[in-house]
Amino acid sequence: MARDLANLERSIEQLKATQQKIISDNAKEIAELKASQEETKRVLARVSEQNVSKASPPPIQTTQPPQTLHKPERTVQSPRARARPRIRPEWYYDDW
């Protein structure tokens with residue numbers, strides 16, 4: 001029983017050491033990730049500044065007043081064009 005307790009204590013110490021190593025590794029990875037994010041922000045800021053400076057100059061303003069848009073004029077059809085067709089006598093069937 002004393003041997004089992006000693007083995008158990010040794011296993012617990014190994015687990016603690018492993019856990020401390022994992023915590024340390026995670027802290028290093030987090031620091032690297034934050035540094036990478038900061039570098040990405042700097043690169044993006046630099047690229048966006050370059051894009052702004054490469055943008056085309058503003059359009060040249062003319063002295064003409066701006067044209068306004070107008071609705072298209074309606075075309076009026078003659079009353080005959082809209083009238084219903086008349087029923088012709090030849091359309092009736094007399095063969096009933």
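I began at Lys41, which counts as exposed at 53% relative accessibility. My cut-offs: buried is under 20% relative accessible area, exposed is over 50%, and partly exposed is in between (1.4 Å probe, protein chains only).

This is a predicted model, where local features need pLDDT of at least 70, side-chain atom pairs count only at pLDDT 80 or more, and totals for chains, interfaces and linings use all residues. Residues are numbered from 1 along each chain as its sequence is written, and side-chain values use heavy atoms, without hydrogens and water.

Next I looked for the partner of Lys41. Lys41 forms a salt bridge with Glu38, with 3.7 Å between the closest N and O atoms. I count a salt bridge when a side-chain nitrogen of Lys or Arg is within 4 Å of a carboxyl oxygen of Asp or Glu. Glu38 is partly exposed at 39%. Both residues lie in helix α1, three residues apart. Helices are DSSP runs (H or I, at least four residues), strands are E runs of at least two, and numbering starts at the N terminus.

How many salt bridges does the structure hold? I found three. Glu39 pairs with Arg42 at 2.7 Å. Glu39 has a relative accessible area of 37%, and Arg42 has 46%. Lys21 meets Asp25 at 3.1 Å, N to O. Lys21 and Asp25 are about one helical turn apart, because four residues separate them in helix α1. Lys21 is exposed at 51%, whereas Asp25 is partly exposed at 32%.

Last, I checked the whole chain. It has two helices and zero strands. Of its 96 residues, 0% count as buried.
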